[in-house]
Number of protein chains: 2
Amino acid sequence: MTGTLTIAGLGPGNDALVTPEVSAALAAATDILGYAPYVARVAPRPGLTLHPSDNREELQRAAEALRLAAEGGQVVIVSSGDPGVFAMAAAVFEALEGAPQYRDLPIRVLPGITAMLAAAACAGAPLGHDFCAINLSDNLKPWAVIEKRLRLAADADFAIAMYNPRSASRPGGFGRALSVLKEAGCGARLVTFARAVSAVDERIETVTLNEARPEMADMRTLVIVGNSQTRRVGRWVYTPRRVL
Amino acid sequence: MTGTLTIAGLGPGNDALVTPEVSAALAAATDILGYAPYVARVAPRPGLTLHPSDNREELQRAAEALRLAAEGGQVVIVSSGDPGVFAMAAAVFEALEGAPQYRDLPIRVLPGITAMLAAAACAGAPLGHDFCAINLSDNLKPWAVIEKRLRLAADADFAIAMYNPRSASRPGGFGRALSVLKEAGCGARLVTFARAVSAVDERIETVTLNEARPEMADMRTLVIVGNSQTRRVGRWVYTPRRVL
């Protein structure tokens with residue numbers, strides 16, 4: 001049987017948000033690779049080998065997946081959310097660039113519900129108008145690039161979805177990001193902190209940017225800064241479709 | 001029975017991309033409202049009333065849905081893609097703002113696979129780094145705002161997902177958008193035209209921005225302009241995770 005490599009998005013956590021396409025790929029897999037907490041979402045069964053790995057090992061994981069597929073495996077790499085948004089798909093293509101012997105392997109990317117969509121749905125519709133998505137991790141880019149993008153995003157009046165706002169190894173960046181946006185005149189904007197979206201311990205909280213504190217975010221939080229028009233109606237937060 | 005209003009995303013077209021959460025909401029619905037081609041994706045059954053409507057009637061549709069839910073219906077508004085991205089969720093909250101008598105209705109927003117995620121998955125991983133999403137329709141905002149956002153997005157080196165690039169009533173905007181990006185120095189960037197993603201007549205094509213012509217897009221096309229680092233590997237297009 002010809003081997004295949006599928007890069008699949010598991011959505012934010014709740015199985016009701018996993019697409020049937022992804023469920024079918026998982027059911028047909030011989031090997032599943034990914035960051036351990038994501039692999040743990042797949043039930044073991046005979047004929048399936050689970051290959052959990054650590055967070056920072058994306059390229060090794062991608063290379064291993066290519067190798068297993070070349071040997072004939074039905075290989076699935078799982079990402080949380082969508083595999084194309086700050087996740088494994090780009091790492092696989094990067095690995096493929098360095099391994100031309102695998103260029104003819106059948107590869108598929110299966111989309112998933114990325115965190116910002118699930119977070120926005122819980123809050124209302126803060127991404128209802130033009131927006132951007134910025135990964136606040138400076139592991140793979142200089143912090144200056146992040147600051148520049150935040151300033152330009154504020155100037156463009158985009159709503160801003162912030163991925164990976166804060167972690168134990170990067171405690172300071174998110175506070176700096178808030179400062180940059182305050183300096184850019186965004187202090188009155190609404191900021192939604194969506195933690196553990198769709199999981200049992202989900203928590204959604206909205207404050208103004210002036211009221212936001214760095215400790216309100218951790219690695220399980222997706223932060224959405226509204227645009228200048230984003231507002232509340234009852235318990236909801238939404239960004240109007242119209243710009244006057 | 002208490003009425004409820006659910007705003008659900010059907011994904012880009014293929015039923016394998018509809019989440020189980022959305023399928024369950026459709027199965028429990030008494031009334032389904034939406035733009036006619038989206039309502040047509042739901043199979044008729046006894047006990048279900050379908051309410052198809054025209055494209056430009058979002059606010060009327062939202063008001064009607066609120067009224068039906070207040071009367072006790074299990075009402076679902078369907079959007080293509082994700083309801084929070086250039087779709088019905090913001091319209092519902094806008095209608096709710098003008099109709100305080102409905103503030104206590106149980107409302108849920110159910111996320112879906114938005115077009116840019118499905119398009120990116122077909123192409124590879126062009127949204128693998130920071131990106132923005134811009135609605136090119138100037139029905140609800142001045143064209144000058146769109147041009148400003150495109151310039152700032154180019155300056156930020158975001159990949160750019162363009163929704164609603166071109167329609168019969170707006171034949172010229174997309175060509176202007178391409179010109180703005182060329183003037184901003186983006187001529188060598190890769191541009192992916194993803195038409196009818198996940199449908200039987202799906203077509204994915206990638207060219208450089210200098211090679212792109214306005215006629216390559218229509219209302220069923222999602223356009224993704226890569227960032228300055230976006231590149232090809234085999235038949236794939238991806239944006240590296242790393243900025244040097």
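Student: Which residue of chain B meets the side chain of A:Lys141 in a salt bridge?

Tutor: Good place to start, and keep in mind that this is a predicted model. A:Lys141 sits in the loop between strand 7 (131-135) and helix 6 (143-155) of chain A, and the pair crosses between chains. Its partner lies in the loop between strand 6 (124-125) and strand 7 (131-135) of chain B. The N to O distance is 2.5 Å, within the 4 Å cut-off for a salt bridge, and the partner is B:Asp130.

Student: How many salt bridges are there between chain A and chain B?

Tutor: Another of the structure's salt bridges joins the side chains of A:Arg231 and B:Glu97, at 3.3 Å from N to O. A search of the whole structure, over all chains, finds 30 salt bridges. Between chain A and chain B, the count is 12.

Student: Do the copies meet through the same surface or different ones, and what area is buried between chain A and chain B?

Tutor: In the contact, 66 residues of chain A touch 66 residues of chain B. Of the interface residues of chain A, 100% are also interface residues in chain B, so the copies meet through the same surface. A:Leu140, A:Arg149 and A:Arg241 supply 14% of the area that chain A buries against chain B, more than any other three residues. Carbon and sulfur atoms give 63% of the total buried area, which is about 5,700 Å².

Student: At what angle do helix 6 and helix 7 of chain B pack?

Tutor: Residues including B:Trp143 and B:Leu150 in helix 6 meet residues of helix 7, among them B:Val180 and B:Leu181. The crossing is right-handed. The helix axes are 9 Å apart, and the angle is about 35°.

How values were computed
Residues are numbered from 1 along each chain as its sequence is written. Chains are lettered from A and ligands numbered from 1 in the order in which they are written. This is a predicted model: local features need pLDDT of at least 70, side-chain atom pairs count only at pLDDT 80 or more; totals for chains, interfaces and linings use all residues. Side-chain values use heavy atoms; hydrogens and water are left out. Axes are lines fitted to C-alpha atoms, for helices over the stretch in contact, and angles run from 0 to 180 degrees between N-to-C directions. Helices (H or I, at least four residues) and strands (E, at least two) are DSSP runs, numbered from the N terminus. A crossing is left-handed if the near helix is turned anticlockwise from the far one by less than a right angle, and right-handed if clockwise. Contact means heavy atoms within 4.5 Å. Buried area is the accessible area (1.4 Å probe) that two parts lose on being put together, summed over both.
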